[in-house]
Amino acid sequence: MPTPTRYDAIVIGTGQAGPSLAVRLASSGRKTAVIERKRFGGTCVNVGCIPTKTLVASARAIHMARRGEEFGFSTGGPVTVDFNRVKARKDAVVRQSTEGVEKWLRNTSNVTVYEGHGRFESPHTVRVNDELLEAEQIFVNAGARAVVPDMPGINEVPYLTNVGMMSLDTLPEHLIVVGGSYIGLEFAQMYRRFGSRVTVIEMGDRLIAREDEDISRTLQGILEAEGISFRLKASCTTLRRTTTGVAVGVDCTKGAPEIEGSHILIAVGRRPNTDDLGLNAAGVATDPRGFITVDDHCRTSVPGVWAVGECNGRGAFTHTAYNDFEIVAEAFLDNGSRSLSDRIPCYALYTDPPVGRVGMTNAEARASGRRVLVGYRAMTAVGRAREMSETNGFMRVLVDADTEHILGAAIFGAGGDEIVHSLIDIAYAKVPYTVISRAVHIHPTISELIPTLLQDLKPLD
Ligand SMILES: Cc1cc2nc3c(=O)[nH]c(=O)nc-3n(C[C@H](O)[C@H](O)[C@H](O)COP(=O)(O)OP(=O)(O)OC[C@H]3O[C@@H](n4cnc5c(N)ncnc54)[C@H](O)[C@@H]3O)c2cc1C
């Protein structure tokens, strides 16, 4: 048996927690190995947030140019899209980020970078390529990938996931998106704006079922107005290759039994990258869906082994993965006490307009048994939104009638992904909503209506 190479710490995966952890560990004098099997920076940087938000920005610029007449200018003909240039812009933004992560790691003293697949051989040894590494502390940041459901015909058609979408260099004539949730809807809207025909197929009876019904309904209306077709209550029964692309057999109560398209995107959920990590050899426990079980500080069932980011099932976002790094760094290096249970859920859906969310939905607030007050404002009643001709959507804030604390909010409208932060901060501050309702906000902004709507709270029925 060759002697393993000894490190103080090993980090498997360079997603949103791993690189920061590796640099903190190395800076504290620990000899640290970092293992990455694909591209530095993981999902967010290469095939997730950064490329999609770059494409969303191109799609919005194109959309706004098409609305020129509304704003008093004309483009002298139809707006045409050069998809290769859209992709080149996205690739440049991604390259800068991924190269930045790689350089950061390679230039940090005490960090050794290994390119290859890391797999546990025992609780404290990991094999990468032909080398066996050993460390007292091992941090798993293996992330997640798209679920590909076992539909009949799936292996006969050239389907795409979020990964394949990033290397498309011709615009799909007709993109079929299977999955009407966060990832699917962002792709649907941007490709429609680039010029594709787009059909979204969703099994449920509404889009983004985790949100309240009025958000699903309003967003569907906005996307339909842009020309996106929807097939709800559709169980995708078959996939078939055709001469021009793919055909999806949908078992629907009405409408055509089959939809033909040139490309198909599968966006029905994510699964953790834990099936090929050798977790059994290490004795690391997982839940039935394969997520690594962790305590409130990201410790796994094996002492010295930690799991951070999406692979621990405690968050599916870049900001939650990064917060896992902060929690672990504090627990392991700084003797601090930050924990997963301190975290208030927040995220955004980056359609245009976006939905900025924090805390509970209406449905969750009702189910909590609390006495709940709600403040609501349609974007049509917001001066700044009218000035910008961005009157789609609404703002809603939920307040606990007894504690006066913010329970949740949905800011669905222009700038919603930014505006929601005042509510996120007040929720973290654990102070009554009156701190905001009595604040003076800048005019004219969309945010100035948050105090106003909080001055007019009504019981949630
Ligand atoms: C299309 C899309 C859009 C998204 N948009 C947003 C958004 O706008 N905002 C947001 O907050 N989140 C967004 N997300 C989610 C976000 O990208 C992820 O939650 C985040 O990247 C998770 O980070 P992570 O650190 O857990 O893992 P990842 O970023 O997935 O990184 C894991 C890394 O580990 C490597 N790895 C895995 N197994 C091994 C192994 N055995 N050996 C070596 N290396 C290994 C992988 O190659 C990868 O580089 C989006 C996701 C997608 C798919």
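Student: Why is strand S11 (residues 197-201) largely enclosed by the rest of the structure?

Tutor: Four of its five residues are buried, so the rest of the structure largely encloses strand S11. Buried means under 20% relative accessible area, exposed over 50%, partly exposed in between (1.4 Å probe, protein chains only). Helices (H or I, at least four residues) and strands (E, at least two) are DSSP runs, numbered from the N terminus. Bear in mind that this is a predicted model: local features need pLDDT of at least 70, side-chain atom pairs count only at pLDDT 80 or more, and totals for chains, interfaces and linings use all residues. Residues are numbered from 1 along each chain as its sequence is written, and side-chain values use heavy atoms, with hydrogens and water left out.

Student: Which strand do five bridges join to S11?

Tutor: Two strands pair if DSSP finds at least two bridges between them. Here strand S10 (residues 174-178) runs parallel to S11, with five bridges joining them. Isoleucine 176 has threonine 199 of S11 as its bridge partner. Between S10 and S11 the chain passes through H7, and this β-α-β crossover is right-handed. For the handedness, point the strands away from the viewer: a right-handed path from the first strand over the helix to the second runs clockwise.

Student: And how many bridges join S11 to strand S12?

Tutor: Three, and S11 and S12 (residues 229-231) run parallel. Threonine 199 has serine 229 as its bridge partner in S12. The chain gets from S11 to S12 through helix H8 (residues 213-225), in a right-handed β-α-β crossover.

Student: How do I read a pair of aromatic rings?

Tutor: You describe it by the distance of the centres and the angle of the planes. Rings of Phe, Tyr and Trp (its six-membered ring) pair if their centres lie within 6.5 Å; planes under 30 degrees apart count as stacked, over 60 as edge-to-face and the rest as tilted. That rule gives 12 aromatic pairs here. Tyrosine 191 and phenylalanine 194 make an edge-to-face one, at 5.4 Å centre to centre with 80 degrees between the planes. Both residues are in helix H7 (residues 182-194), three residues apart, about one turn of the helix.

Student: Which residues have the most contacts inside the largest nonpolar core?

Tutor: Nonpolar side chains tend to be buried together in soluble globular proteins. A nonpolar core is a set of buried Ala, Val, Leu, Ile, Met, Phe, Trp, Tyr and Cys residues joined through side-chain atoms within 4.5 Å. The largest has 49 residues, and Ile10 and Phe120 have the most contacts inside it. A second, separate core of 38 residues includes Tyr191 and Leu219.
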